[in-house]
Amino acid sequence: MYYCIYQSPLGEIALTANDEGLSALAFQAGKSPIDLTMGLTEDTSKFAEVIQQLTEYFNEERTQFDLPLAPKGTAFQKQVWQALSKIPCGETKSYGWIAKSINNEKAVRAVGTANGANPIALIVPCHRVIGSNGKLTGYAGGLALKAKLLMHEGAQFKP
């Protein structure tokens with residue numbers, strides 16, 4: 001496993017990867033920073049494409065990411081994360097929408113839990129999920145960061 005730190009306009013982002021792809025992305029100032037002391041090897045060269053795409057995103061030159069991803073999770077979590085990846089930049093969806101999109105309308109709470117367990121923030125855009133009332137709901141990076149990301153993307157939500 002490899003890691004590097006990316007200095008974004010919204011703070012330090014930790015990235016981890018294995019030989020299959022990106023395994024985690026976390027805003028280090030948020031509630032769920034990546035513990036970089038856990039046997040990871042620092043190797044910025046493994047992250048050149050990720051860094052380029054993140055830079056393009058923050059420079060408003062990219063709205064979609066195209067990277068090999070290798071998140072660890074259950075089959076259900078991966079199904080939810082796949083649905084998250086289909087939410088276009090500048091749009092928001094509700095937990096109910098995601099549950100419907102995976103043909104499991106009653107799994108709204110489980111979708112929320114899987115959304116919160118997403119290890120690849122921003123690239124798997126869990127920040128684009130808001131409450132059915134249009135208000136912001138939890139985010140591992142904090143609600144202020146979630147609001148900044150959504151404003152950066154031009155998305156509509158209630159403060």
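Modeller: Happy to, starting with the whole chain. It carries 15 positive and 14 negative side chains, and the centres of the two sets lie 15 Å apart (Lys and Arg count as positive, Asp and Glu as negative, leaving out His and the chain ends; each charge is placed at NZ of Lys, CZ of Arg, CG of Asp or CD of Glu). Please keep in mind that this is a predicted model, where local features need pLDDT of at least 70, side-chain atom pairs count only at pLDDT 80 or more, and totals for chains, interfaces and linings use all residues. Residues are numbered from 1 along each chain as its sequence is written, and side-chain values use heavy atoms, without hydrogens or water.

Five helices and six strands make up the fold (DSSP runs numbered from the N terminus: H or I of at least four residues, E of at least two). Buried residues account for 45% of the 159.

Now the spot: Q77, in helix α2, residues 75-84. Q77 counts as buried because its relative accessible area is 18%, and buried means under 20%, with exposed over 50% and partly exposed in between (1.4 Å probe, protein chains only). Beyond its neighbours within four places in sequence, Q77 is in contact with A114 and A117, contact meaning heavy atoms within 4.5 Å. In that stretch, G116 is 39 residues away along the chain, yet its C-alpha is 9.8 Å from that of Q77. Finally, the Q77 side chain reaches the backbone nitrogen of T74 at 2.8 Å.

Key: A polar contact is a pair of N or O atoms within 3.5 Å; within protein, one must be able to donate a hydrogen and the other to accept it, and residues adjacent in sequence count only if both atoms are side-chain atoms.
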